[in-house]
Amino acid sequence: MFSRYENADNRLEDEDMDFDRRTLLASATTAAAAAATLTSGLAKAAAPKNQIRIATEEAFSTREHMRAMKALVDSAPEVTRHDYRLWRLITGDQLADTPARLLDLEKQRLAEMDQYGVNMQLLSLTSPGVQMLATDVAVGVAESVNDEMAEAIARHPTRFAGLATVAPQDPARAAQEIERAKTKLKLNGIVINSQTNNEYLDLQKYWPILEAAEAHDMPIYIHPRTPSDQMRAPFDDYNMGSAFWGYGMETSTHFVRIMMSGAFDRFPNLKIVLGHMGEAVHFWIWRLDYMSAPGRARGETPTKKLPSEYLRQNLRITTSGQENPHALRYSIDVLGLENVMWAIDYPYQETPGAVSFMDNAPLSQQERDAVYWQNAKRIFNITTI
Ligand code: 1DF
Ligand code: MN
C-alpha cells in the first residue's frame, strides 16, 4: 500500500514522479544557495539538540475524502483545470497508492518526524478540503475526517494535534461541528481552504462560523486554494493559480475582506491564522493604515480600528513554505514574537528544509522556542506538550 515509500532511500518509482523528485532535488540545491545568500549578513545561531518542534500546517487525507474527491472528478472532470497537482495525486493512480503520504499518518509520517526531531504535527485535511463537494456530502465527510483525526490523535497524543474540517456550505452545521470538535473531539482549531463556491467568510451568512470559532477559542486557519472564478483569469496562464502565486493572492485577499467587513469588531477575540509567512498581508501594514486615512484610497469603508491593529490582534501567521530568514525577522518585528509559528506544509514541502531553516534562523534561543513550539502550544491550546 505504501510501496512508493517503502524503499530505504525513499525514491519514487513511476517516471512522472521520478521527474518530480529530480526537479525537487535540483530546486532544493537552488533553494539552499538562495538561503545562503539570504542569510549572509544576519547573525548565526543554531538550535540545541533537544529543541522542541511543533509543525502547524501539516496535510493529510482519508480514504473517504479521497473517494468523495474522485467521485467529484469523475462527475465533473473540468474541476481539474485548477489545482492540477492535487488532482493528479488523487486521480493519477490507484486510489490507495499515489496519495500515500497524505493517507499515511503512522508509518512514513511518524518515521520522518522522528528522523528530523519534529515532536508534533498539527494536522489538517488537505486543500481544498470538503469545500468543492455537494453540501450534504461535505458535511458528512467533514465529520468522518474529524472523527478519524481524533482517533489518530488519541493513539498518539504527544505526536499529533488537529484542526477540524467544517463545510462552510452549511454555516449552521459548520458552527455545530466547531462545538463538537472542541468539546467532544478536543481538537485545536479549524481549517478553511479559502473561498467556498467563490464566496468568502466576510459575508454575514458565514458569521455563525466566526461566532462559534470565537466562542470556543478555535483559531481559523485560512489555508490557500486556487483563486475564485471572479479573479481567476489573470492566474490562468503559466500555472500562476498554483502555490507559485495564486494561492497567496487568493488567501491574503480573503483575510483583507474579513477585516474590512467589520467581523473583527463583532468578534474581537477571533483569531485567523495565515500560512506562508502571513501570505504577505503584513508586508502592507503601513500602506493599509496610510490608505485608511480620510480622503485616501480606502474611502468610507467603516471599521472601528486601523488595519495594523487587527493585524496584531486577530492575525497569527506560520512559516509554511517560506524559508526566508528576512521575512521571518520582519514578521517577528512587525507582528510580535508571540504571533509567529513554525510549519512545514508536509507533504508538499520537505521536512529537512523546514527544520534546517528554523534551526539555523538568526534568532535568539528565546525567539526560536517561541516560533518553534511555544506559540503554537498557546494559540492552539495544545496540552500534551
Ligand atoms: C501545494 C502547496 C499543494 C500547498 C497544497 O495542497 C498545499 C503545492 C494541495 O505545492 O502544490 O497545501 N501549500 O499550502 O502551499
Ligand atoms: Mn499547505
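Biologist: What spacing do the donors of the manganese ion (ligand 2) follow along the chain?

Modeller: In this predicted model, the pattern reads E-x165-H-x121-D.

Biologist: What makes Glu57, His223 and Asp345 donors of the manganese ion?

Modeller: Distance and atom type. Glu57 (OE), His223 (NE2) and Asp345 (OD) sit 2.0 to 2.3 Å from the manganese ion. The cut-off for an N, O or S donor is 2.8 Å here, so these atoms qualify. Water is not among the atoms, so the site may look incomplete.

Biologist: Which residues surround ligand 1?

Modeller: Glu57, His223 and Asp345 are among them, alongside others including Arg85, Thr126, Ser127, Tyr247, His276 and Tyr348.

Biologist: What makes the pairs from ligand 1 to glutamate 57, histidine 276 and aspartate 345 polar contacts?

Modeller: Take them one by one. An oxygen atom of ligand 1 is 2.9 Å from a polar side-chain atom of glutamate 57. For histidine 276, a side-chain N or O atom lies 2.8 Å from an oxygen atom of ligand 1. With aspartate 345, the ligand 1 atom is a nitrogen, at 2.7 Å from a side-chain N or O atom. The limit for a pair of N or O atoms is 3.5 Å, so they count. As for cover, the protein buries 90% of the 360 Å² that ligand 1 exposes when taken alone.

Biologist: Why is strand 1 (residues 54–60) called largely enclosed?

Modeller: Because seven of its seven residues are buried, the rest of the structure largely encloses strand 1.

Biologist: What makes strand 1 and strand 2 (residues 120–125) a pair?

Modeller: Five bridges join them, in the parallel sense. The requirement is at least two, so they pair. Alanine 55 has glutamine 121 of strand 2 as its bridge partner, and phenylalanine 60 stands opposite leucine 125.

Biologist: Which way do the residues of strand 2 point, and are they buried or exposed?

Modeller: Met120, Leu122 and Ser124 go one way, with Gln121, Leu123 and Leu125 on the other side, and all are buried.

Biologist: How many bridges join strand 2 to strand 3 (residues 160–165)?

Modeller: Three, and the strands run parallel. Leucine 122 faces alanine 161 of strand 3.

Biologist: What is the phi of asparagine 198 and of asparagine 239?

Modeller: About 70° for asparagine 198 and near 60° for asparagine 239. Most residues other than glycine have a negative phi. Asparagine 198 lies in the loop between strand 4 (189–192) and helix 8 (207–215), asparagine 239 in the loop between strand 5 and helix 9.

Biologist: Why is asparagine 198 called partly exposed?

Modeller: Its relative accessibility is 23%. Buried requires under 20% and exposed over 50%, so that value falls in between. Asparagine 239, with 45%, is partly exposed too.

Biologist: Which helices do the buried residues of helix 15 (residues 351–360) pack against?

Modeller: Helix 5 (108–116), helix 11 (275–278), helix 14 (325–335) and helix 16 (365–379). The buried residues are Thr351, Ala354, Val355, Phe357, Met358 and Asp359. Residues three or four places apart on an α-helix point the same way, because it has 3.6 residues a turn.

Biologist: How many helices and strands does the chain have, and what share of its residues is buried?

Modeller: The chain has 16 helices and eight strands, and 54% of its 385 residues are buried.

Conventions: Residues are numbered from 1 along each chain as its sequence is written. Chains are lettered from A and ligands numbered from 1 in the order in which they are written. This is a predicted model: local features need pLDDT of at least 70, side-chain atom pairs count only at pLDDT 80 or more; totals for chains, interfaces and linings use all residues. Side-chain values use heavy atoms; hydrogens and water are left out. Helices (H or I, at least four residues) and strands (E, at least two) are DSSP runs, numbered from the N terminus. Buried means under 20% relative accessible area, exposed over 50%, partly exposed in between (1.4 Å probe, protein chains only). Contact means heavy atoms within 4.5 Å. Donors are N, O and S atoms within 2.8 Å of the metal (3.2 Å for Na, K and Ca); water is not among the atoms, so sites may look incomplete. A residue is near a molecule or strand if one of its heavy atoms lies within 4 Å of it. A polar contact is a pair of N or O atoms within 3.5 Å; within protein, one must be able to donate a hydrogen and the other to accept it, and residues adjacent in sequence count only if both atoms are side-chain atoms. Accessible areas come from the Shrake-Rupley method with a 1.4 Å probe; for residues, only the protein chains shown count as cover.
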